[in-house]
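Okay everyone, thanks for coming.

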Amino acid sequence: MGDEVARFLTEVCFGDFYTRSGLDIKTKEMLGLIILIANNAPEATIKSHIKGSMKAGNSKETIASSIIQAMPYVGFPSAINSLKILKGIN
């Protein structure tokens, strides 16, 4: 089953969605992060996607601003927790 999930992620998420035109990588990474925050993803997942967003070119300040902008929609607890995770990343 693990192989099937890995294949799905590679082929569909990264092979199709990630390579579509219309949005740049920075925006795609930010959207993915905010969606994960909204869905109460585990801390390790949020942390890895924050790092991915930074590697794509988003600054910590832009990520923080995006989380704060999304706060009323994703919920204050999830947003605050994500801001704490962001603060701990170097």
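**A walk through the model**

Let's start with burial: buried residues make up 26% of the 90 residues in the protein. Buried here means under 20% relative accessible area, exposed means over 50%, and partly exposed is in between, using a 1.4 Å probe and protein chains only. Before I go on, this is a predicted model, so local features need pLDDT of at least 70 and side-chain atom pairs count only at pLDDT 80 or more, while totals for chains, interfaces and linings use all residues. Also, residues are numbered from 1 along each chain as its sequence is written, and side-chain values use heavy atoms, with hydrogens and water left out.

Now, the overall picture. How many helices and strands are there? Five helices and zero strands, so that you know what counts: helices are DSSP runs of H or I with at least four residues, strands are runs of E with at least two, and both are numbered from the N terminus. The radius of gyration is 13 Å, close to the 12 Å that the globule rule gives for 90 residues, so the protein is as compact as a globular protein of that length. That radius is taken over C-alpha atoms, and the rule is 2.2 Å times the number of residues to the power 0.38. Along the principal axes, the C-alpha atoms fill a box of roughly 35 × 30 × 25 Å.

What about contacts, meaning heavy atoms within 4.5 Å? Take the ones between residues at least 6 apart in sequence: 54% of them join residues at least 24 apart.

On to the inside. In soluble globular proteins, nonpolar side chains tend to be buried together. In this model, the largest nonpolar core has 17 residues, and those with the most contacts inside it are Ile-34, Ile-37, Ile-46, Ile-50 and Ile-63. H2, H3 (43-55), H4 (60-74) and H5 (76-87) each supply at least two residues of this core, and the largest share, six residues, comes from H4. By nonpolar core I mean a set of buried Ala, Val, Leu, Ile, Met, Phe, Trp, Tyr and Cys residues joined through side-chain atoms within 4.5 Å.

Let's zoom in on Ile-85, which sits in helix H5. Is Ile-85 buried or exposed? Ile-85 has a relative accessible area of 7%, so it's buried. Leaving aside neighbours within four places in sequence, Ile-85 is in contact with Glu-43, Ile-46, Lys-47 and Ile-50.

Next, helix H2, residues 25-38. At 1.5 Å a residue, its 14 residues should span 20 Å, and its end C-alpha atoms are 20 Å apart, which agrees. The expected span is 1.5 Å times one less than the number of residues. The buried residues of H2 include Leu-33, Ile-34 and Ile-37.

Asn-40 isn't a glycine, but has a positive phi of about 55°. At 57% relative accessibility, Asn-40 counts as exposed.

Last one: Val-12, in helix H1 (residues 2-17). Val-12 is partly exposed, with a relative accessible area of 26%. Not counting residues up to four places away in sequence, Val-12 touches Arg-7 and Phe-17. That's my tour, thanks!

Technical notes. Contact means heavy atoms within 4.5 Å.
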